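Could you walk me through this structure, one selection at a time? I have it open in my viewer and am new to it.

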Amino acid sequence: MNLHSQNSPNPESNESQESKQPISQDESAAPHNPVMADHSQMEPNQNETKRSLVSGSNMNRSKPSDDNAPTMIDVRDVNFYYGDVQALFNVSLSVPEKSVMALIGPSGCGKSTFLRTLNRMNDIIEGTRVEGTIKLDDQDIYDPSIDVVALRSRVGMVFQKSTPFPKSIFDNIAFGPRIAGTTSKAKLTEIVERSLHQAALWDEVKDRLNDSAMALSGGQQQRLCIARTLATNPEVILMDEPASALDPASTARIEDLIFELRKQYTIVIVTHNMQQAARVSQYTSFFYQGRLIEVGQTQELFTNPSEKQTEDYITGRFG
Amino acid sequence: MSIHLIRDLENLHRDILSMCANVEEMIHIAVQGFLQPRPELNTELLERDNDIDRMDVKIEEDCLKILALHQPVAIDLRRITTVMKIAGELERVADLAVNIAERACSLLSIDSMNVPEKLQEMAKSSLEMLHQSIDSYVELDSQLAQRVIKEDSVIDEMNRGIINDLTVLMQTNSEHIEAGLHLFSSSRHIERIADHATNIAEDVVYLVEGEIIRHRLKLESHTEA
């Protein structure tokens, strides 16, 4: 299947969108702000590291739960470099199937870099290098034989800024399937309708599928981008702060959508909004300075984190 | 961390400590009055109980405000929920102080029975438990809290012993019935102080360790059975 990344019309556009320039400062893992810990006088009198949940820095594999949920993405001992600058340090993480995992951490901690390793979006940036293994459904995605384009149809991506193509709503959704070889109008119509239903956008656009996607509101455009991703039947959806540019009502709709989509898809979402991470995810991973500090069930991590650094970050004492 | 949240948490901490100090003082006065009765005790404690009720409501309102405005997580969230629960426990302890004072006043007019020594010992132990449970909150000392929790069964045993003794006494001599019933109620009130101290201690364990240990022993023994 000759299919490019879900939110770009073609490789050239994709590259211009992503840029061959180094990732902006806030995405780089170095330099880092010093920890601005503001330890309250009301801190518990106990060992700073409580019982240790799985943590990538200490273990070869990190699974956020003890249950037997199948693993969709298995990351093991991953180090990532932008040229000579190391952005990720020995990260190991397992993402359970059909769940939502939130990646949180201060700016520059490497969470977006990590997200992009999961569908090799970092490949388009010159000078990057990955060590370790990342497996999608037990298949090493960095194996030389892997078709990266096909990979990106299985692992779609939604960005902070909506990226509708300057085409009709219908053609936006149909673009991916067309590139993959679907030509039947009936089939494309079915795919478009299904995807828009899944993205909770159908009722709002069903009577104007030939209208330009650029005329949609910000929240609608983002849902269009999600529908476009869904049109290629991915297994995983990566979301990089998908609601940060949206108003509260649109944000709520996106979050409701994520809640529904997790029944069918594995979702990994980067967010700066702690409450959003708590609302939408079953699992949360905390990154700091390129390291995975803690991963666990969201409820547990937000009520009783194991690591002091995690607690200091989520309570706002630093970051 | 926002300065508003820091300020609100500090104010809350100050208020709950004030409530702790007031309730501890009330219960001391009530038990002391029980052992050395005085007629104006009731009125004095009723007025203070009204103050405690107002504090309880204020603390709950402040906690809800913090939850709504700041959406705290982790230790801050556990602190807010713990403060709400402790305030509720302290409010009931204050009610018990009033109840004990009422029993003390009733006993004033009855000359037929002295306060049994066991009851005096139980009162002393219950007050010590309450004091330690409050200390464990102030010091965030979960090990002290665990020791308080273990003491509750001792108080329960003492209460059962006192009730048995009073029952025998009342059966032996009907003149003792009125006083016996007041002492019976008093023993139960004092035993309840220990229960509330235990609840406070369990809340402290939750605050510090993040684990809810309430009902654990009962659930475990039910499972084993």
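Here is a short tour, with a few words on conventions to begin.

This is a predicted model, in which local features need pLDDT of at least 70 and side-chain atom pairs count only at pLDDT 80 or more, while totals for chains, interfaces and linings use all residues. Residues are numbered from 1 along each chain as its sequence is written, and chains are lettered from A and ligands numbered from 1 in the order in which they are written.

**Stop one: the sheet.** In chain A, select the open sheet of four strands, whose order is 2-1-4-5 with antiparallel pairing. Strands are DSSP runs of E of at least two residues, helices are runs of H or I of at least four, and both are numbered from the N terminus; two strands pair if DSSP finds at least two bridges between them. Strand 2 (85–96) and strand 5 (139–140) of chain A stand at the edges with a single partner strand each, so one side of each has no neighbour in the sheet. Now colour strand 4 (residues 128–136) of chain A, which pairs with strand 5 of chain A over two bridges, in the antiparallel sense. Look for Asp140(A) in strand 5 of chain A, the bridge partner of Lys135(A).

**Stop two: where the chains meet.** Show both chains: the contact (C-beta atoms, placed from the backbone, within 7 Å) takes 17 residues from chain A and 16 residues from chain B. On the side of chain B that touches chain A, helix 3 (residues 74–108) of chain B gives the most, with five residues.

Terms used: Two residues are in contact if their C-beta atoms, placed from the backbone, lie within 7 Å.
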